[in-house]
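Here is a short tour of a structure, written for someone who likes to know the cut-offs behind each value. Have the viewer open as you read.

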Amino acid sequence: MMKQIIFAAILLLTLIILGYSFYRIYRFFKLTRPAFKIKDHAQRFNELMRVAFGQSKIFRWPFTGLMHALVFWGFLVITIGSVEMVIDGVAGTHRALGVLGAVYNVIIGSGDVFAVIVLLAILIFLGRRLVMNINRFNGIELRKKSKQDAILALTLIFLLMVSLLGMNMAYVALYESKVWFEGVYPVSRWFSDLFLDGIPYDQLLIVHEVNWWTHILLIFIFANVLPYSKHFHVFTSLPNVYLSRLTPVGKMNTMEDVKTEVEMMMNPEAAQEPPAEELASFGVSDAEHITWKNYLDSLSCTQCGRCTSVCPANQTGKKLSPRKIMVDTRARMKERGPQLLDHGKNADDKKMLIEDFITAEELWACTTCNACVIECPININQPELILEMRRYLVLEQAKAPGELSTMLTNIENNGAPWQYSPEDRMKWSEELFMNV
């Protein structure tokens with residue numbers, strides 16, 4: 001009974017802290033702008049199954065993709081066992097999900113095998129970060145804290161797998177001959193015979209309890225570290241894939257307010273809706289101007305760097321890094337959000353997302369080729385945010401590269417990108433031998 005009380009108290013504390021963290025992020029979401037209406041749920045479900053659960057995009061890099069996919073699938077299975085531990089901890093039951101019979105054996109047996117696979121994958125990931133100098137893990141946006149964050153998360157996962165195997169090994173040694181023994185443990189049975197054979201019952205019981213508590217406490221700690229870590233994608237990547245933009249890659253969002261106003265000017269009778277009385281601003285200049293989808297993208301970014309590694313601008317030495325766009329957006333909201341919540345929309349810290357975090361040089365380096373979107377394992381759309389920041393520079397600040405300013409002026413004055421009057425457009429055809 002005492003174990004149940006202690007467990008329930010720790011679980012309650014965990015949920016309170018986790019609830020506060022999610023509530024804080026929810027309030028940041030409320031500061032953002034609308035994005036799109038969520039519909040086409042069948043198409044979204046297919047995308048979720050293909051990209052998220054099928055890990056289809058991650059396999060473009062076969063070795064690391066396979067390692068990551070195995071870790072992801074392993075977590076899905078092992079999480080079921082973690083839920084059972086919570087039930088047992090609160091209710092004082094023994095392997096409560098054992099009532100599932102054969103299904104339970106499949107789940108527990110798979111989790112036992114995946115525990116070793118995940119353990120080996122994490123060791124490989126740690127080796128790649130600590131020993132190998134992989135270019136993708138470097139960049140001006142990846143500060144020392146980000147690298148420490150990655151090492152901490154990998155270490156926690158490593159300890160989670162060690163404690164899970166330790167618990168299973170002791171469980172097999174303790175109860176395999178008992179009638180209430182539940183599950184199958186193909187790996188842990190072998191390890192148990194190898195390492196725990198001959199150990200007295202009392203000591204086995206201590207080994208089991210130590211690993212049981214270590215494993216569940218690490219889960220609680222890991223869950224509360226995630227909202228403040230780049231590994232928050234553990235919570236957000238599945239929703240982010242489900243809420244992916246379903247429009248063709250590269251299609252630019254229409255500025256509806258401007259479109260309506262133009263339609264009213266050109267043909268008032270054809271216009272569908274009256275223009276807004278007042279527009280706050282065009283484009284994105286700071287965190288409160290981004291949409292909820294932009295913010296979800298930034299929270300979901302794993303900082304894996306695949307987007308930057310395929311960016312043609314980055315590969316030709318320009319400053320743009322699609323990963324940095326997401327990292328900076330999240331960092332700015334983390335800084336700007338509390339100011340807006342505490343002091344309202346007039347809060348001013350003399351900073352903006354543009355210039356103080358992301359420079360115009362980075363934004364204009366983007367070719368909008370959308371290679372980053374195609375490569376991202378969880379369908380983050382970096383160019384959408386880049387285009388919105390460009391719109392702010394052009395429409396609010398009248399700041400654009402010289403060539404672009406000239407083209408825009410020509411379109412405005414001549415109805416075409418070239419510096420010729422409409423009357424001179426056909427001069428090129430006057431000397432042709434045929435009529436055009």
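## The domain interface

How much area is buried between domain 1 and domain 2? About 1,600 Å² is buried there, with carbon and sulfur atoms giving 42% of that area; buried area is the accessible area (1.4 Å probe) that two parts lose on being put together, summed over both. On the domain 1 side, Lys57, Arg136 and Glu141 lose the most area to domain 2, together 38% of what that side buries.

This is a predicted model, where local features need pLDDT of at least 70, side-chain atom pairs count only at pLDDT 80 or more, and totals for chains, interfaces and linings use all residues. Residues are numbered from 1 along each chain as its sequence is written, and side-chain values use heavy atoms, leaving out hydrogens and water.

## Domains and their pairing

Domain 1 spans 38-229 and domain 2 spans 256-400, with bounds from an automatic or database domain assignment. Their centres, taken over C-alpha atoms, are 37 Å apart. Domain 1 brings 20 residues to the contact and domain 2 brings 19, where contact means heavy atoms within 4.5 Å.

## A look at serine 237

Serine 237 sits in helix α8, residues 233-242; helices are DSSP runs of H or I, at least four residues, numbered from the N terminus. Serine 237 is buried, at 11% relative accessible area (buried means under 20%, with a 1.4 Å probe and protein chains only). Beyond its neighbours within four places in sequence, serine 237 is in contact with Ser300 and Ile378.

Note on methods:
Helices (H or I, at least four residues) and strands (E, at least two) are DSSP runs, numbered from the N terminus. Buried means under 20% relative accessible area, exposed over 50%, partly exposed in between (1.4 Å probe, protein chains only).
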